[in-house]
Every structure is written in C-alpha cells, then in structure tokens.
Amino acid sequence: MGIYIAIALFSPLIGFAITGLFGRFLPKNITGIIGSTSVLISFICAIVLFNHFNGGGEPIKLMLSNWISAGNINIDFSFLADSLSVWMMMIITGVGFLIHIYSIGYMPHDEGFYKFFAYLNLFIFSMLILVLGGNYVIMFFGWEGVGLCSYLLIGFWYTNAEYGYAARKAFIMNRIGDLGLLLGIFVLFNTFGTTDYQTVFTSASIANHGTIELICILLFVGAIGKSAQIPLFTWLPDAMAGPTPVSALIHAATMVTAGIYLVARSSIFFASAEIASTLVLVVGLATAIVAATIALKQNDIKKVLAYSTVSQLGFMFVALGLGAYSTALFHVTTHAFFKALLFLGSGSVIHAMGGEQNIRFMGGLSKKLKITHFTFLLGTLAITGVPPLAGFFSKDEIMTKSFYGLDSSIVFILLALTAVLTAIYMFRLYFLTFHGEFRGTEDQKAHLHESPATMTIPLMVLAILSCIGGGIGLSSLFSHHHYISSFLQKVLHNREIPEASHNFELIVMIVSIVILTIIIFMTYRTYISKKNIPLSSEDETGLNKVLSRKYYFDEIYHGLIIKPIEWISSFSYSFIDRKLIDGIVSLSARSVSFFGQNLRRIQTGNVEFYLLAMVIGVISFLVIYQLI
Amino acid sequence: MNSYLPPIEHYLWLSAILFCIGVAGVLIRRNGIVLLMCVELMLNAVNLLFTAYSTYFQDSAGQVFVFFIMVVAAAEVAVGLAILVMIYRNTKSVDISLLDKLKN
C-alpha cells in the first residue's frame, strides 16, 4: 500500500515540474489538463487508501530515507497514512481537483496561467506532505511549503503593490505562529528524544503534565497563525488579494485547516492538557464571534466570505477545545465543501462582473447567472445550517457538544449567537448579490454572462456535496451510526461527552429553522423590499464604522507593534549602527593610522640610531630579566 | 710550574670593558672602518671570556669555539671591507651616516 502514498505525493510534484518548467511552451489547455490530472491521480490513490482504512486497515508507514542524522538527532523522511491523514487527503485532493478544473475556466486570459498551475500543484504536494508526514519535522516541512505557496499565490498578480503587501503580511504573520510550532517541536524532541508520531504517542504518558501543557500551547500558537485565529487572523482577509480559486482552495478549504489537523493529530496531548484545551476553546470562541461581527459590515464579496471562514475556523477550534476532535474534523469536511462552493461561486460572480468585487455595485445577478445563483444559494443554506444540508449537522454537533460537555451554557449561547450572525451576513451577501436591481455600470450589465462549463461543473459537484455531506455525521436523532467519528476513532482521542437527548436535538432543529426563517425574511425586507444599500466604510458611523473597519485591528497592530519596531529600527540605524558600530570600526582604523603616522618618524634611515635602539633594547631586556 | 693565575673576575672586567668600548665605538663613530674594528673588538672581548672560562673550568670546548669565532670574524671582515670599498667607490667616503637611503 505504501506505493499509493508515494504516487499520491509525487504526482503533484511531477505536475509542478512539468507545468513550471515547460508550461510556457505548452498550450494553456494542455497545461491545465496536466495540472488537474496530477491531482486526479492523487485523488484516486487517496480513494484506494481510504478503502483500506474503511475496511479497518492498519496504519501504513512509508520510509523513504534517513533525512537528518546528527548526534542523537535522527529524523527519517517517513510518511504515515492513517485514517486521519487519509481523511484530510480526500478533502485536499478531491476539492483540490475540482478547483483545478475550475481554474482552467477562471484563468484562461492570464499570462501567468502555467505559473498558476505550477503553484497550485506545488501547494497540493506540500499539503499532502503536511498531512502524510510521519513525524513532526516532515509535517513542519509541509507546513512551511504551504506557507510559501500561499505567499506566492496571494501575490500572484505581483504587479499590484497592494497584493504584494498582502502576500508579505500573510507570510510574516504565519512566521510568528511558526515560531511557536517550532518551539513546540523542540520541546517535544527534548522530552521524547524523537519526533516520530507513533513513538511519541505511545510514550506520551511518560512526560510530566506541565511539559504536555507547554507542548500543547506552543503547538496551538502555530495553529493560531496558520488557521487565522485571534490575534493573528488579520492576514486571511487580506489574502483575498489572490485569485479566487486560490482563496477557495488555500484560504478556505485546505491550508487554513492545517491548524485543526495539527491539534487533532496531537489529540493525545491535548486530551490531557486542560489549560491548553481551555485556551483553544476561548480563542476559538472569541474568533468566531469577532469575525462574524466584522463580516456583517463588509462590502467586498470575498472579504465577507473570508471573515466567515475565520469565524467557522473558530467553531472548529471550539470543538477541539471541547475535546470533540472528530466533530472538528466533521466541520472541516463540510466547511471545505460549502466554503469552496461559496468562494468559487463568488469567483463566478466576479468573473461575470469583470473584476468587480463590491456588493454595493451588484444585485439582480440571479437572472443572468442561473447555475451560479442556485449553487450559491445552496452554499448559503448549507453554511447557515438549514437542515438537512451539511452545515446543519456539523455546526449542530459542535453546539450540542458545547452544551453537554461544559458545566455552564455560556459557550453554547455564544455559539448560537454566532450562528445567528452567520445567517445574517450570509443572507445579506446573497440578497445584495443576486436579487434586487442591478447597480453596476451599463458596460458591466451588457457583459454579464454565465461562466463556462469548466467552472459550473465544479460548482454543481460541490453543491451536491454541500447538500449530502452531512450524511457522514448524522446526529443520533436520524441515525445510530456516526460514520466519521467511528472512522477516525483509532487516531483521535475524543473526550467522552454524553449523547444529546432526542428532545434537545429536536428543539435545536426547530428553533434554528424558525430563527433562520425570521432572518431570511428580515434580510429580504431590509435589502430587497426597502432597497437598503450598505454604505461604504467611510460613510458608516458609530458601531457600524468600528465593525466595517474590523475593530481597528490593523490600526492597533500598526500602532502597538509596527510603530515601535520602526522606531527601534530607526534608532538602531541612526544610533547603534551609524554611531556606535561605525564608531568602533573607524576608531580601530583611525588608531592604526595614528600610530602609523607617529611611528613612521623613528624610521630615520640612520644606522647609528638603529644600533642605539638595538643596544638599548638588549640592555632593557637584560635589566628586566634581572629584576624578575 | 709556579705561575700566578689572576682570579677570573679580572678577566670578566677586562672583557666587559672591551665589549663596552666596542659598543660605544659602534654607536659613536661614523667611519666605516672604525666601525668594523669596533665590531672586532666586541668579538674579541667575547673570545677572551671564552678562553678565560675554558681554563677556569678545564674544558677545551670554549677554546674550540674561539677558533670558530675567529673564522667567522675573518669572513665577516672580508665581506665588510668589500662593502666598504663599494661604498667608497659610490660616495667617495666611508662615512656611514651618508647611508640613509632606507628612509625613503
């Protein structure tokens, strides 16, 4: 079976090499087909592996070679496929393949078409390394690889300086988190003497409790950076500078869930680390609420979805903090479906609008973009949690677990509030984009068209998945078999949380349907009947302005972190570097020159003087020798 | 044989005085020939010391050394005088204070 891991890993790498090296000489269609096929091959391998684990197969280890061997450090280039990594593989390659297909239709007029596919393939390769790595160091290799691809793809249209800055911002903020992850790996290595998953997990009990807490907190810092949680979430909305397929693949479906994967992978540690788990819970909850409130007042179609992603990632971290690791993975899966769908739908809208992203200038698109509209509607219903679509089951499960897993119901209430906010901003987005009157220019109106089949087919596939995806984790009300948790139970160390009573489930379902109906009605009234168009962020006042300016997070970071760093840098430059260091350097140069100038005088050329000096020297040697 | 042997200190003093005269001559005089003579004086002061100690310790090695020094001194004077001749041909003088070309 190991060969399937190797094929799955290296197929995108070969695709990257071909498209990257020869893409510019090949026709665009061929490049696109090569790029997509390489991912399809990985997907087929993933299905084979998935079948293996579905039948209760044992984890497969693939060891390629020894990588680092120095002193007592011994790190293998090894890969481990177990049910968790194969589950992630399915999402990455499956959604990745659809997005590759979509990109063929989305990017055909771009000069960097071949480069785009090369980066996408490299991303898939790195992401597979991340989830298939057999030890923490290999995982870190993939972790950095996806960070690099994210940087390259955010700054894909590098001629625009703003996009370049967004790419740098993402890269630097990720570095902050990576530092935590790296330290966590160091502590782990120091404690266990190895970073190999299987060895570390089997000997997890030998470490003392404090060390485990420390490892978990440090690993979580890494997850905060990659998965855009407070306080490092501000890069993700800016990352929307990249092409839309990139936003769908990297910044919604796969890369940002790497943090979830990391925590779930280390679940044996987190399960026994109460402080770290509480931290995960609190950070996730805060992020979910803050991001959802910001999304209420965004006018850029992709920004709304970006904040929605941050908020949903917060949901996943709440589940992780509760110890319900398989629930988090469940939400990762459904979220990958409907958020990729929503992003690709928004891409289709942007494509039709000729690059316009502001929903204030959209409206009434449902008439022209029928498939996009219908699939987007399904995505919206799925994310807001309308039963029986995918989002309902996963979000409902997180809320149920928070209700039964904790003593107080405050977390449950806040999550419910966030779910309500989610519905409000999603329907606001939906109505403003697809209904009412068209608010763009006449040119745009004439240009409106449905996207080509390469774009609409992935939309339809994802829409179907968003509808039926909940089937992998039906609640006990509908089914006795919870597929995903039994599939992952060997790897994840879920905390025991009592089953929800059927009455509770029923009440939650009915209440959520009622509330959603009210929200749909209210948003329809506000944005369609009354024709309220959101103000631009400059015209907002009071609390609305605070929300539309994202709680001034960027401004606060600028004032608190960037300004002091700039001040320290300019001080270092003007004083430490220019005065102190340069001073020492020129002092040594000047003193040599000073002594040279003066010692030059004793070289008179007069032989007697030399002799005299020699005699005096010898005499003084003798005298000193005598004295000593 | 009933000969009187002066004590070793006398030889030491004589040798030291001769050596100092030699050094002083080298430092003070400018005539190249005198300079060479002063160098000879220093060498001979050392020779005297060698023979004195050789007798004192009843060890002939010191006297062997003296022969070596004499040979070296003869060779040195031969080279030194040759140089002086060349200097004289070039500067019409044996005053070594004229030799200050090293300065530049």
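Of the 628 residues of chain A, 50% count as buried. Please keep in mind throughout that this is a predicted model.

I will stay with chain A for a moment. Its secondary structure comes to 25 helices and 2 strands. The C-alpha trace of chain A spans about 110 × 60 × 55 Å along its principal axes. As for contacts, take the ones in chain A between residues at least 6 apart in sequence: 81% of those join residues at least 24 apart.

Next, the domains. Chain A is divided into domain 1, covering 333-548, and domain 2, covering 556-627. How many Å separate the centres of domain 1 of chain A and domain 2 of chain A? Taken over C-alpha atoms, the separation is 71 Å.

The bond from Ile230(A) to Pro231(A) is cis, and its omega is near 5°. Where is Pro231(A)? Pro231(A) sits in the loop that runs between helix 8 (209-226) and helix 9 (235-238) of chain A.

Pro387(A) and Pro388(A) are also joined by a cis peptide bond, with omega about 5°. Pro388(A) is in a loop of chain A too, between helix 16 (370-384) and helix 17 (390-405).

Lys550(A) is a residue other than glycine, yet its phi is positive, near 60°. In chain A, the loop holding Lys550(A) lies between helix 23 (542-548) and helix 24 (553-599). Is Lys550(A) buried or exposed? Lys550(A) counts as buried because it has 23 C-beta neighbours inside 10 Å, and the cut-off for buried is 20 or more.

Lys92(B) is not a glycine either, and its phi is positive at about 55°. Which part of chain B holds Lys92(B)? Lys92(B) is found in the segment after helix 3 (61-91) of chain B. Lys92(B) has 9 C-beta neighbours inside 10 Å, so it counts as exposed; the cut-off there is 12 or fewer.

Lys550(A) is in a loop between two helices, and Lys92(B) is in a segment after a helix.

That is what I have for today.

Conventions:
Residues numbered from 1 in each chain as written. Chains lettered and ligands numbered in written order. Predicted model: local features only at pLDDT ≥ 70, side-chain atom pairs only at ≥ 80, totals over all residues. Domains from an automatic or database assignment. Helix = DSSP H or I, 4+ residues; strand = E, 2+ residues; numbered from the N terminus. Contact = placed C-beta atoms within 7 Å.
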